[in-house]
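Please open the structure in your viewer and keep the selection tool at hand. The stops below are meant to be taken in order, each with something to select and something to look for.

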Amino acid sequence: MKLFLNLLRYLGLVLFAVGAILSVLTLANWLFGVTDVSWLQFYFIRLYLFLVVSGILLYILITFRRKDDEKKE
């Protein structure tokens, strides 16, 4: 169970990092107009922000969850 929770926690970190990097790349592409690739267009920013928010929520919920002995108090 601990291995599975660690995998979910690191998956949350990866989602957060990928979303943040793609958001910054999309904003830079929107400002400077470097390329015309469809996945770097501005309307994909919603998807990347969703990845950022879901990744950080997954990480926080797994990291700071209550343990079994804390529930009994």
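Begin by selecting Tyr43, Phe44 and Tyr48, which ring pairs link into a cluster; rings of Phe, Tyr and Trp (its six-membered ring) pair if their centres lie within 6.5 Å, and planes under 30 degrees apart count as stacked, over 60 as edge-to-face and the rest as tilted. This is a predicted model, in which local features need pLDDT of at least 70 and side-chain atom pairs count only at pLDDT 80 or more, while totals for chains, interfaces and linings use all residues. Residues are numbered from 1 along each chain as its sequence is written, and side-chain values use heavy atoms, with hydrogens and water left out.

By the ring rule there are 3 aromatic pairs. In one of them, tyrosine 43 and phenylalanine 44 are tilted, at 5.3 Å centre to centre with 35° between the planes. Phenylalanine 44 also pairs with tyrosine 48, and because the planes meet at 25°, with the centres 6.3 Å apart, this pair is stacked.

Tyrosine 43 is exposed at 59%, phenylalanine 44 is partly exposed at 25%, and tyrosine 48 is buried at 4%.

Next, select valine 34, which sits in the loop between helix 1 (2-32) and helix 2 (45-63); helices are DSSP runs (H or I, at least four residues), numbered from the N terminus. Valine 34 is exposed, with a relative accessible area of 67%.

Terms used
Helix = DSSP H or I, 4+ residues; strand = E, 2+ residues; numbered from the N terminus. Buried < 20%, exposed > 50% of the residue type's maximum accessible area, 1.4 Å probe, protein only.
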